[in-house]
Amino acid sequence: ARLTAAIEAAQARAQQAQAEFEIVQGRVGELDQGEVGLDEQHDRTVAALRLADERVTELQAAERGAERQVASLRARIDALAVGLERKDGAAWLVENRSSSGLFGTIAKLVKVSSGYETALAAVLGAAADAVAADDARAARAAVRALKDADGGQAAIVLADWPAAAQHRTPLPEDVHWALDLIEAPPRLQGAMSAMLADVAVVRDLGAGLDLVAGRPTLRAVTLDGDLVGPGWVSGGSDRKPSTLEIASEIDKARGELAAAEKLVGELTAALAGALDEQSNRQDAAEQALAALNESDAAISAIYEQLGRLGSEARAAEDDWRRQVAQRGELEAGRVQTVEELTELENRLSAARDIGAVVDPTPVDRQQMQAAAESARAAEVEALLAVRTAEERANAVRGRADSLRRAAAAEREARLRAQRARAAREHAATVADAVSEAGQRVAERLTGVVAAASRSRDALAAERQQRATAMAAAREEVAVLNTRIGALTDSLHRDEVAKAQAALRIEQLEQMVLEQFGMAADDLIAEYGPDVALPPSELEMAEYEQARERGEQVTTPAPLPFDRPTQERRAKRAERELAELGRVNPLALEEFAALEERYNFLSTQLEDVKAARKDLLDVIADVDNRILQVFAEAYADVEREFEQVFATLFPGGEGRLLLTDPDDLLTTGVEVEARPPGKKIKRLSLLSGGEKSLTAVAMLVAIFRARPSPFYVMDEVEAALDDTNLRRLLGLFEQLRAQSQLIVITHQKPTMEIADALYGVTMQGDGITAVISQRMRGEELVSSAQAGS
């Protein structure tokens with residue numbers, strides 16, 4: 001029974017493990033299919049994120065470029081605006097006379113077509129920097145103010161100039177009338193027509209010459225600013241740009257700045273949308289990655305569980321098979337035991353039947369008892385085996401029931417798997433339908449977004465136009481407010497000036513009354529503008545001198561009063577009076593001191609001039625002496641150098657040359673050396689020994705030209721070979737005849753011709769000692785005696 005129960009339990013475990021294994025294997029298939037979908041979704045999200053990143057990078061680069069362009073245009077506008085702030089007569093009039101009939105500059109009032117600024121500025125000339133005036137009276141007042149204040153010169157364009165009738169004739173292709181290229185206020189049309197009526201704008205100078213040659217009544221101007229008229233041409237380079245050109249450049253830069261700022265706004269908005277999209281794509285990619293990681297973890301866990309269940313199922317099946325085999329063996333043993341028991345029972349019955357007849361011996365009875373006990377033991381074992389086999393059979397029946405239940409569970413699991421598969425297929429169909437619907441919706445949304453973008457662009461353009469109009473209106477309001485403020489300030493200034501003039505008149509009347517004892521009316525009656533001016537003292541003096549010379553002259557007539565002339569005379573007199581300064585009571589003493597110092601300095605100056613003359617004479621004498629000494633020394637050295645060089649270089653040629661023979665004070669000396677067998681003469685191309693020997697030749701030539709009592713030479717023969725050394729020693733023999741030679745050398749031949757040797761040596765204790773050896777003492781003594 002226990003074996004049967006164990007068999008049934010093992011079978012149940014194997015079936016359960018197999019069922020769990022198949023269930024988990026089905027889940028593995030589902031997870032694999034889901035894994036494929038997650039991989040595709042992750043790839044799509046990563047690709048979308050990459051596109052979003054590229055879009056953001058592109059928009060950021062475009063935004064930075066647009067911002068740099070905006071900054072560059074603003075800097076250009078500021079730089080051009082500085083060019084408009086000129087310190088000339090026009091600027092003075094705008095600053096000080098803007099409310100006196102002047103209403104702005106031509107550069108701000110006239111607009112020129114793009115590309116023709118240089119041409120129009122050239123043909124307008126000074127008018128390109130001019131100021132616009134209401135009429136001729138305002139222009140006269142402005143010119144008078146410039147003269148009175150010394151404010152410079154300015155050109156003025158009259159706004160009341162009448163517009164003349166225009167008689168235009170067709171022009172050749174690519175030639176335009178200058179009037180068609182400007183936009184001027186109505187009040188300036190007459191002046192512009194007068195200045196540009198007969199002016200045509202051409203491409204180049206050749207076209208201008210051809211046009212004027214065919215139509216002499218016209219003037220032509222090129223795009224580069226060259227002017228052509230009947231019988232004359234004006235052009236060239238280095239022309240200062242006019243305020244009209246600068247103002248046109250500023251307007252053009254402002255237009256480009258507005259477009260650049262609009263582009264920056266659009267790029268900023270697009271960048272914000274791209275950043276939002278990038279963030280969304282980043283979140284989607286992270287979610288897809290998290291789902292993919294979660295799916296990978298689940299699949300790993302399922303595979304681990306699947307391996308464990310497979311191992312458990314195999315172990316349970318092996319245990320069940322082992323126990324079934326063991327039950328078969330036990331059943332076979334039970335059958336054999338039952339047969340043996342039956343045989344023993346039969347033998348026992350037969351033995352009982354014959355027990356009364358046969359007289360068994362004690363030995364046979366004991367054997368029979370032993371056999372009986374063995375039979376009983378076998379019977380017990382057989383009964384136990386039978387009971388065990390029955391228990392095993394019951395266990396097998398229980399295992400069969402569990403297998404049937406497992407089979408039913410497996411069928412149910414397959415049904416569930418089929419239903420799940422059908423559900424997934426339905427979900428896939430729905431997903432495809434949703435995808436198609438999403439694509440259609442995306443297409444519709446694309447169209448809607450494009451329409452919205454067009455609408456947005458239109459609204460932005462309208463907004464820009466209205467903003468421009470509003471800015472223009474605000475600018476006009478600001479100009480009008482400025483003009484109102486200027487008029488108000490002018491009115492206040494006029495009132496203050498009027499009050500000051502009245503106060504000044506009262507002060508003048510009081511001063512005239514106090515100083516001259518005359519009333520203002522009497523003063524005006526005698527010296528007013530209606531009274532002629534008497535001749536000046538200079539005119540009367542000239543008249544008297546002419547009369548004294550006997551000339552026929554008339555008395556100078558009084559001159560009519562001219563206020564500007566008299567004002568200039570008064571200003572000049574005031575300026576001269578101011579230059580004179582205040583009265584100095586110590587002027588005589590200062591004059592005497594200055595006169596004394598002047599006399600002293602004059603004397604000193606004469607002494608300095610005399611000393612300078614003496615120094616110049618001394619310098620001339622020194623120069624002459626230098627020239628004489630140098631010429632003599634150079635001639636002697638040149639002669640000796642040729643001889644010495646020929647001695648040191650037999651067959652060679654050497655000479656000295658002056659670099660500037662005409663100026664011996666500044667000339668240099670060049671050495672030409674041509675050793676035998678060579679054509680070169682430059683010292684830089686000689687060998688080291690040749691250079692050294694040439695230098696020694698120069699030195700010996702100087703020694704022979706200007707002898708000295710003794711000469712000191714330090715290893716002058718170090719770079720010479722034996723042949724050249726012998727030649728040099730021959731020169732030493734010649735020099736020794738007249739001078740004493742002190743030669744520092746390491747050459748043995750040089751030591752051999754010496755009269756005495758001096759050397760420095762170091763002994764074993766590290767102390768140096770000077771030793772000497774007279775080489776030719778006896779010869780010297782004998783030579784001295786012979787000489788005496």
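Mentor: Two strands pair if DSSP finds at least two bridges between them. Helices (H or I, at least four residues) and strands (E, at least two) are DSSP runs, numbered from the N terminus. For instance, Trp177 stands opposite Ala200 in E7. Before we go on: this is a predicted model, where local features need pLDDT of at least 70 and side-chain atom pairs count only at pLDDT 80 or more, while totals for chains, interfaces and linings use all residues. Residues are numbered from 1 along each chain as its sequence is written, and side-chain values use heavy atoms, with hydrogens and water left out.

Trainee: Which strands make up the sheet that holds E7, and in what order?
Mentor: In general, strands of a sheet pair through backbone hydrogen bonds, either parallel or antiparallel. Here five strands form an open sheet, ordered E5-E7-E8-E9-E10, with mixed pairing. At the edges are strand E5 (176–177) and strand E10 (232–234), each pairing on one side only. E5 is joined by two bridges to strand E7 (residues 199–202), and they run antiparallel.

Trainee: What lies across this sheet?
Mentor: Helix H4 (residues 117–124) does: it lies across E7, strand E8 (219–222) and strand E9 (227–229). Its direction is at about 140 degrees to that of E8. The axes are lines fitted to C-alpha atoms, for helices over the stretch in contact, and angles run from 0 to 180 degrees between N-to-C directions.

Trainee: And Asp226, is that buried or exposed?
Mentor: The cut-offs are: buried under 20% relative accessible area, exposed over 50%, partly exposed in between (1.4 Å probe, protein chains only). Asp226 is found in the loop between E8 and E9, and its 16% relative accessibility makes it buried. Contact means heavy atoms within 4.5 Å. Beyond its neighbours within four places in sequence, Asp226 is in contact with Leu205, Ala220, Val221, Ser234, Gly235 and Gly236.

Trainee: How do Ser692 and Glu526 come out on that scale?
Mentor: Ser692, in helix H14 (residues 688–705), is buried, with a relative accessible area of 19%. Not counting residues up to four places away in sequence, Ser692 touches Val716, Ala719 and Leu720. Glu526, in helix H10 (residues 520–527), is partly exposed at 44%. With the same exclusion of residues up to four places away, Glu526 touches Met518 and Val531. Across the chain, buried residues make up 24% of the 788 residues.

Trainee: Which residues have the most contacts inside the largest nonpolar core?
Mentor: A nonpolar core is a set of buried Ala, Val, Leu, Ile, Met, Phe, Trp, Tyr and Cys residues joined through side-chain atoms within 4.5 Å. The largest has 30 residues, and Leu120 and Leu188 have the most contacts inside it. H4, helix H6 (189–196) and E7 each give two or more residues to this core, and H4 gives the most, with six. A second, separate core of 28 residues includes Val637, Met713, Val716 and Phe732.

Trainee: What does the other sheet look like, the one with E1?
Mentor: Three strands form an open sheet in the order E1-E3-E4, again with mixed pairing. Strand E1 (102–105) and strand E4 (156–158) stand at the edges with a single partner strand each, so one side of each has no neighbour in the sheet. Two bridges join E1 to strand E3 (residues 131–133), running antiparallel, and Thr105 has Val131 in E3 as its bridge partner. Helix H5 (residues 136–149) packs on this sheet, touching E1, E3 and E4, and its direction makes about 165 degrees with that of E4.

Trainee: Where does the hairpin of E15 and E16 turn?
Mentor: E15 and E16 have five residues between them, and Gly766 in the turn has a positive phi of about 85 degrees. Seven bridges join strand E15 (residues 756–762) to E16, antiparallel, with Tyr758 opposite Ser772. Of the seven residues of strand E16 (residues 768–774), the number buried is zero, so E16 lies largely in the open.
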